[in-house]
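Here are my comments on the model, point by point. Please read them with the structure open.

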Amino acid sequence: RTLVDLGYLLVVITNQSGIARGFFDEAAYRRVAARFDHLLEAEGVSLAATLHCPHHPEFSGPCDCRKPGLALYRQAIEQLDLEAGSSHFVGDKLSDVLPAQAFSGTGWLVRTGHGRASEAAADVPSWVQVVDDLTAVSMRLRREGPPRLDVVHGAL
């Protein structure tokens with residue numbers, strides 16, 4: 001909510017390989033996404049967009065939309081007319097934040113979820129900000145002041 005109050009647009013870009021693996025279908029994913037939207041809206045938070053990749057290379061072949069691929073990020077940037085270079089890419093896996101480099105944005109690896117394991121298992125690039133959680137991202141951005149035309153991508 002802090003990010004919305006600061007004027008940030010929020011975009012969720014998510015890999016949903018369970019669709020390609022046959023664990024669930026698009027309809028089930030959309031029901032979960034709708035529930036997530038409903039829970040956020042009850043807290044005064046709305047997402048500008050939610051984009052997902054339903055693929056997995058071993059089951060459906062390679063694609064450009066699976067993170068860290070850039071297709072969904074490009075789609076969000078174009079669809080919402082975003083300034084990619086001033087965008088923030090937040091996630092709990094390195095694959096969530098690597099697109100920040102391609103778009104000259106800021107990458108934030110949060111230690112929640114898979115974050116601690118991602119930080120320990122990978123050589124985190126020096127340009128990636130590593131913080132404990134999304135609240136830490138929000139507080140740092142609050143100190144920096146309101147955004148121009150920014151978006152927070154990746155996993156929330």
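**Notes on the predicted model**

1. Start with a loop residue. Ser104 sits in the loop that runs between α7 (99-102) and β4 (106-110). Its phi is positive, about 60°, although Ser104 is not a glycine. Ser104 is exposed, at a relative accessible area of 56%.

2. Asp81 also deserves a look. This residue is not a glycine, yet its phi is positive, near 55°. Asp81 belongs to the loop between α5 and β3 (88-91). With 63% relative accessibility, Asp81 counts as exposed. For context, most residues other than glycine have a negative phi.

3. Check the peptide bond between Lys67 and Pro68. The bond is cis, with omega about 15°. Pro68 is in the loop between α4 (57-60) and α5. As a rule, most peptide bonds are trans.

4. Confidence comes next, since this is a predicted model. Mean pLDDT for the protein is 91, and 93% of the residues reach 70 or more. Strand β2 has the highest confidence, at 98. Strand β6 (residues 151-153) has the lowest, at a mean of 51. Where pLDDT is low, predicted coordinates should not be read in detail.

5. The largest nonpolar core has 16 residues, and Ile13, Leu72 and Phe103 touch the most other members. At least two core residues come from each of β1 (9-15), β2 (49-53) and α5 (71-80). Helix α5 gives the most, with 4 residues. In general, nonpolar side chains of soluble globular proteins tend to be buried together.

6. What does Phe103 touch, leaving aside residues up to four places away in sequence? The contacts are Leu70, Tyr73, Arg74, Ile77, Ala84, Gly85 and Phe89. Phe103 counts as buried, because its relative accessibility is 14% and the cut-off is under 20%.

7. The aromatic rings can be taken together. The whole structure has 3 aromatic pairs. One of them is Tyr73 with Phe103: the ring centres are 6.4 Å apart and the planes meet at 45°, so the pair is tilted. Tyr73 is in helix α5 and Phe103 is in the loop between α7 and β4, so this pair links distant parts of the chain, 30 residues apart. Tyr73 is buried, with a relative accessible area of 0%.

8. Is the pair formed by Phe89 and Phe103 stacked or edge-to-face? The pair is stacked, at 6.1 Å centre to centre and 0° between the planes. Phe89 is in strand β3, 14 residues apart from Phe103 in its loop between α7 and β4. Both Phe89 and Phe103 are buried. Tyr73, Phe89 and Phe103 form one aromatic cluster.

9. Last, the cysteines. There are 0 disulfides in the structure. Cys63 is in none, and its nearest cysteine sulfur is that of Cys53, 3.7 Å away. Cys63 is partly exposed, at 27% relative accessible area. Cys65 is in no disulfide either; the nearest cysteine sulfur is again that of Cys53, at 3.3 Å. Cys65 is buried, at 13%.

Methods: Residues are numbered from 1 along each chain as its sequence is written. This is a predicted model: local features need pLDDT of at least 70, side-chain atom pairs count only at pLDDT 80 or more; totals for chains, interfaces and linings use all residues. Side-chain values use heavy atoms; hydrogens and water are left out. A nonpolar core is a set of buried Ala, Val, Leu, Ile, Met, Phe, Trp, Tyr and Cys residues joined through side-chain atoms within 4.5 Å. Buried means under 20% relative accessible area, exposed over 50%, partly exposed in between (1.4 Å probe, protein chains only). Contact means heavy atoms within 4.5 Å. A disulfide is a pair of cysteine sulfur atoms within 2.5 Å. pLDDT is the predictor's confidence in each residue, from 0 to 100. Rings of Phe, Tyr and Trp (its six-membered ring) pair if their centres lie within 6.5 Å; planes under 30 degrees apart count as stacked, over 60 as edge-to-face and the rest as tilted.
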